[in-house]
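Hi,

Here is the structure I promised to pass on. Have a look at it first, and my notes come after.

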Amino acid sequence: MITLEHVYWLSGLMMAGVGIINWRDLSNPRRFNNTAFWGIYAITFLAGSHLPDLANGFLVIAMVLVASIRGLGQGKQESSSREEREASAQRWGNRLFIPALAIPFVTVLGTVLFKKITIHGNPVVDLKQVTVISLALATLVALAAGMIMLRPPLFAPIREARRLFDAVGWAAVLPQMLAALGALFAIAGVGDVVSGLAQRWIPLDNPFVVVTTYAVGMAAFTMIMGNAFAAFPVMTAGIGLPLIVQKFGGDPTVMAAIGMLSGFCGTLMTPMAANFNIVPTALLELPDENAVIKVQIPTALMLLGANILLMNFLVFRR
Amino acid sequence: MLTLIGIVIVVIGFVLRINPLLVVTVAGLATGIASGLGPLAVVAAFGKAFITSRYVAIVWLVLPVIGLLEHAGLKERARTVVAGLRGATSSRILLAYFAIRQITAALGLTSLGGHAQMVRPLIAPMAEGAAENQYGELPKSTRYKIRANAAAVDNIALFFGEDIFIAIGSILLIKGFLDQNGIHVEPTQLAIWAIPTAICAFVIHCARLVLLDRQLRVELGQKSEQT
């Protein structure tokens, strides 16, 4: 049976490959930092499940120190010139979309089919993780299709992955880090404190007020943290689960889906989400670094209102 | 109240623009210590939380094949296709991009857009060019307004499209969190309940884009009559 652990091995191998290619790239002045960063990340995937928690904790701290003290660098050589890519795009045309579209298509297909296929009565994959495993298999199918079609050198995919990982840099780990922060917040009871504050100041005996508090809280907390991923565990543990689900019998699926999207309304309004809101003003040479946020605020507020109404109607529908 | 120290650290760290990985780690460790854990216990708790959150990073497995296709000209081809949809006005170009961006994001193809790859080289120049065709030379403030709108379209269409794809990070995070709390939900169900908001986002923002055209007509139409 294929489990999440196998997918982690695959991720670990990819990260290790990225580290090795970085190590051999003399054009990157910080190549050893890059190698250390992706190498340690590879270890957390390959061995993380077997190492003691404390060892994993020190590995994570080592990664953070490597990324923040001298920082990661980027290789200088482009893998191809613009002209080469234009010519290649001309040659392959819309066939280039086939492997790219294979990823979502095979993922969806796998999610549906793996639930029906059994060998000697046993499922082929861990059904609790069927979506994630389907995604991993879909990337392999897409990669195989791409390799057969384009016939690049054998190690081209990992070299290209390295180029993209260099461009993304440490930000690739930030969502996982914020998820870990959320888990620590949960251990420390941050959600309880926040919900305690909310319960003290807001009359939470009315379902509509609770839904409004949860959605507005998601948006506000996302603006503070710059990321809905960090706000979601806190608000959901503090207000969503105890009040909307347990007290008023709301549907957790609807609550979580629309709650996360309420958080995204907050992302549109905060400079903390720098890669979405501040970086483009630099790229587009706008004199006002809040220009993009100013355009987004009216849509974000109207959509937050829409989310509150939607959640109120849909979460209690049964 | 001391347990909220992590939030304070995150806010200060982001305001001072310190490396977010460092900020988040310090915030996590401080939160653990404030809640009464010993230093080694906090490091262990952080390591455990990081390891159990690895599913968030599985989406990076798409990079080798996406990188390979980019090398073969995927972005250039996508640009050619989008350029073929050239409309008459700034709003229509941005509307078309909004629709394509939201739909491709819903299919999990979140890397087909982006500020550096699409907005700066293609979408913003096309939207500005359309307004130039209609009204002649544009004042700087109008150019900035159109560009800011192009960047906003990319963000909004992405945010409210990607959650319809079942294997995106936020859906996986929701699933992981609810699993930890003993509630088991299907990613497919989460994705379905993202659709009503996605439709609202499309309607609201597209209405605002139509108003943008009207605004340009009022501002620039009057000027061209005066001259």
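A bit of housekeeping. This is a predicted model, where local features need pLDDT of at least 70, side-chain atom pairs count only at pLDDT 80 or more, and totals for chains, interfaces and linings use all residues. Residues are numbered from 1 along each chain as its sequence is written, chains are lettered from A and ligands numbered from 1 in the order in which they are written, and side-chain values use heavy atoms, with hydrogens and water left out.

**The interface**

Chain A puts 131 residues in contact with 106 residues of chain B (contact means heavy atoms within 4.5 Å). About 10,700 Å² is buried between the two chains, with carbon and sulfur atoms giving 80% of that; buried area is the accessible area (1.4 Å probe) that two parts lose on being put together, summed over both. On the chain A side, Gln176(A), Leu184(A) and Leu284(A) lose the most area to chain B, together 6% of what that side buries.

There are 2 salt bridges between chain A and chain B (a side-chain nitrogen of Lys or Arg within 4 Å of a carboxyl oxygen of Asp or Glu). Lys115(A) makes a salt bridge with Glu186(B), and their closest N and O atoms are 2.9 Å apart. Helices here are DSSP runs (H or I, at least four residues), numbered from the N terminus.

A cavity is a set of points on a 1 Å grid over the protein atoms alone where a 1.4 Å probe fits but cannot get out, and lining residues have an atom within 4 Å of a point. A volume is the space filled by probe spheres set on the points.

The largest cavity comes to about 90 Å³. Both chains line it, with residues including Ala179(A), Gly182(A), Pro233(A), Thr52(B), Tyr55(B) and Phe177(B). Helix 8 of chain A and helix 9 of chain B are the elements that give two or more residues to this lining.

The second largest pocket (an open set with protein on both sides within 12 Å along at least five of seven lines) holds about 320 Å³ of space. Of its 16 lining residues, Lys128(A), Gln129(A), Lys175(B), Gly176(B) and Asp179(B) lie nearest its centre. Helix 9 (residues 169-180) of chain B gives the most to that lining, with 5 residues.

Cheers
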